[in-house]
Amino acid sequence: MTDVLAPVVLTSGSAISPVTSLAYAAYERIRDRLIMLDIRPGEPINDGRLADSLGFGRTPVREALKRLETDHLVVSYPRRGTFATPVDVTELGAISDLREQLEPFAAGRAATAATDAMRAELRAMAERVRGLDAVGDDRPTLMRLDMSVHRMIYRATGNKHLEDVLIRYDNLATRIWCLVVDKVPDLASHICEHAQLLDAIADGDAERAERLTREHVDSFATEIRRVL
């Protein structure tokens, strides 16, 4: 992660202020807690206590919460405060409809657009996924690895707007998954499915990448519905 204490230089030569950089760092940390349900759905969020627990000031945390509201991960009510959004499993169908269209497109795009350096990263991630220890890796570690795989694929598309949209819906899907993950008997096997997909993207095989992604998204929705 970028050093949050130093400004991030943009291609135009301008720089993001330290406050903005801290706000983004706070955003990532809080987003992770919300996705993994460390901040429980419906839980009230006190920006002061949250800032203290993360080691940030109130200003970057407040800026982060504003951004998280646009991500549908928190909601603010006048005179009531800010809360983690509920996890509504009835939204699975709507989220899956979008992911079934966008995820295969992204995989195909990544297969044709990824740079050589990105393809090397994808191959390395495929080997890491293939070497998962189903016994030694705890569920939070596996869930975070799954998110890392998805984000790597999104980044490989080279399309920042597509990447942002995909991350938003993957976050919402992951919250639903976290709600029922203890009922999934073999989480590691589910994540290992990504190895073939990563290989296909790294090999530039867009058709295979799209097919494998479609199958994965379908199996995810089916598994969630099975354990609900």
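**Talking through the model**

Modeller: The count of disulfides, a disulfide being a pair of cysteine sulfur atoms within 2.5 Å, comes to zero. This is a predicted model, in which local features need pLDDT of at least 70 and side-chain atom pairs count only at pLDDT 80 or more, while totals for chains, interfaces and linings use all residues. Residues are numbered from 1 along each chain as its sequence is written, and side-chain values use heavy atoms, with hydrogens and water left out.

Biologist: Is Cys 178 buried or exposed?
Modeller: Cys 178 counts as buried because its relative accessibility is 14%, where buried means under 20% relative accessible area, exposed means over 50%, and partly exposed lies in between, using a 1.4 Å probe and protein chains only.

Biologist: And how does Cys 192 count?
Modeller: Cys 192 has 28% relative accessibility, so it counts as partly exposed.

Biologist: New topic: how many helices and strands are there in the protein chain?
Modeller: The protein chain has 10 helices and three strands, where helices (H or I, at least four residues) and strands (E, at least two) are DSSP runs numbered from the N terminus. Along the sequence, they follow the pattern α-β-α-α-β-β-α-α-α-α-α-α-α.

Biologist: In what order do the strands sit in the sheet?
Modeller: The three strands make an open sheet with the order 1-3-2 and antiparallel pairing, and two strands pair if DSSP finds at least two bridges between them. Strand 1 (44-45) and strand 2 (74-77) are the edge strands, each of which pairs on one side only.

Biologist: How many bridges join strand 2 to strand 3?
Modeller: Four bridges join strand 2 to strand 3, and Val 74 stands opposite Ala 84 in strand 3. These two strands form a hairpin with three residues between them, and Arg 79 in the turn has a positive phi of about 65°. On the other pairing, strand 1 and strand 3 (residues 81-84) are joined by two bridges, also in the antiparallel sense, and Pro 44 has Phe 83 as its bridge partner in strand 3.

Biologist: What about the core, and which residues have the most contacts inside the largest one?
Modeller: A nonpolar core is a set of buried Ala, Val, Leu, Ile, Met, Phe, Trp, Tyr and Cys residues joined through side-chain atoms within 4.5 Å. The largest nonpolar core has 65 residues, and those with the most contacts inside it are Ile 30, Leu 34, Leu 122, Trp 177 and Ile 201. Helix 6 (residues 139-156) gives this core its largest share, eight residues.

Biologist: Take Leu 34, then: what does it touch?
Modeller: Not counting residues up to four places away in sequence, Leu 34 touches several residues, including Ile 39, Leu 68, Val 74, Ala 84 and Arg 175, with contact meaning heavy atoms within 4.5 Å.

Biologist: Last one: where is Ala 173?
Modeller: Ala 173 is in helix 7 (residues 160-180), and it counts as buried because its relative accessibility is 2%. Leaving aside neighbours within four places in sequence, Ala 173 is in contact with Ile 95, Arg 99 and Phe 220. Ala 173 and Arg 99 are 74 residues apart in sequence, and their C-alpha atoms are 9.2 Å apart in space.
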